[in-house]
Amino acid sequence: MTPEALQKRRQLSPTKLKRARLNAQKTNVAEVAREIGIDRAAYLRWEMQATTSGAPLPPLTHIDYVALNNALVLFNVSYEDVTDPILEPEQVPA
């Protein structure tokens, strides 16, 4: 499956990703970022849940899938463990 197909099907869940990192006993974000091959700021964007105004951020539109795969291995989780399904507009509960 291509990265584009994965992105259409599921989106990264900041909450689940952070939980996976902490469950793997990885508390140093800078070290995690270095180990998976991205900079600290990029990794922190993956884990952000809201802007300073409290409004939710839009789903990430660019994810380094190599780095994400490295994170999955480091945290010993699956892609589904750190993502949520993207619902089509007609599937969103009213």
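# Close-up views of the model

**Phe 75 has its place in helix 5.** This is a predicted model, in which local features need pLDDT of at least 70 and side-chain atom pairs count only at pLDDT 80 or more, while totals for chains, interfaces and linings use all residues. Residues are numbered from 1 along each chain as its sequence is written, and side-chain values use heavy atoms, with hydrogens and water left out. Helices here are DSSP runs of H or I with at least four residues, strands are runs of E with at least two, and both are numbered from the N terminus. With a relative accessible area of 5%, Phe 75 is buried; that word stands for under 20%, exposed for over 50%, and partly exposed for values in between, using a 1.4 Å probe and protein chains only. Beyond the neighbours within four places in sequence, Phe 75 is in contact (heavy atoms within 4.5 Å) with Leu 17, Ala 20, Arg 21, Ala 24, Lys 26, Val 32 and Tyr 43. Look also for Gln 25: although 50 residues separate it from Phe 75 along the chain, their C-alpha atoms are 8.6 Å apart.

**The whole chain, for orientation: 5 helices and 2 strands.** From one end of the sequence to the other, the order of elements reads α-β-α-α-α-α-β. The chain has 94 residues, and 27% of them count as buried. Among contacts with a separation of 6 or more, 66% link residues 24 or more positions apart.

**Helix 2 packs against helix 4 at an angle of about 120°.** The two axes, of residues 14-23 and residues 40-47, run 7 Å apart. Each axis is a line fitted to C-alpha atoms, for helices over the stretch in contact, and angles between N-to-C directions run from 0 to 180 degrees. On the helix 2 side you will find Pro 14, Leu 17, Lys 18 and Arg 21, which meet Tyr 43, Trp 46 and Glu 47 of helix 4. Sorted by class, this contact holds 4 nonpolar and 3 charged residues, and no polar ones. Nonpolar covers Ala, Val, Leu, Ile, Met, Phe, Trp, Tyr, Cys and Pro, charged covers Asp, Glu, Lys and Arg, and the others, Gly among them, count as polar.

**Arg 21 of helix 2 is buried, at 4% relative accessibility.** Its side chain is joined to that of Glu 47 by a polar contact of 2.7 Å. A polar contact needs a pair of N or O atoms within 3.5 Å; within protein, one must be able to donate a hydrogen and the other to accept it, and residues adjacent in sequence count only if both atoms are side-chain atoms. Leaving out residues up to four places away in sequence, Arg 21 touches Lys 26, Thr 27, Val 29, Val 32, Tyr 43, Glu 47 and Phe 75.

**Tyr 43 and Trp 46 form a tilted aromatic pair.** Their ring centres are 5.8 Å apart and the planes make an angle of 50°. Rings of Phe, Tyr and Trp (its six-membered ring) pair when their centres lie within 6.5 Å; planes under 30 degrees apart are called stacked, over 60 edge-to-face, and the rest tilted. By this rule the count is 1 aromatic pair. Both residues belong to helix 4, 3 residues apart, which is about one turn of the helix. Tyr 43 is buried at 0% relative accessible area, and Trp 46 counts as buried at 5%.

**The largest nonpolar core brings together 19 residues.** Such a core is a set of buried Ala, Val, Leu, Ile, Met, Phe, Trp, Tyr and Cys residues joined through side-chain atoms within 4.5 Å. Leu 12, Leu 17, Ile 38, Tyr 43, Trp 46 and Phe 75 have the most contacts inside this core. Two or more residues come from each of helix 2, helix 3 (29-36), helix 4 and helix 5 (65-75), with the largest share, 5 residues, from helix 5. In soluble globular proteins, nonpolar side chains tend to be buried together.

**Gln 25 shows a positive phi near 60° without being glycine.** This residue lies in the loop that links helix 2 and helix 3, and it is exposed at 69% relative accessibility. Asn 76, another non-glycine residue, also has a positive phi of about 60°. Its loop runs between helix 5 and strand 2 (83-85), and at 71% relative accessibility Asn 76 counts as exposed.
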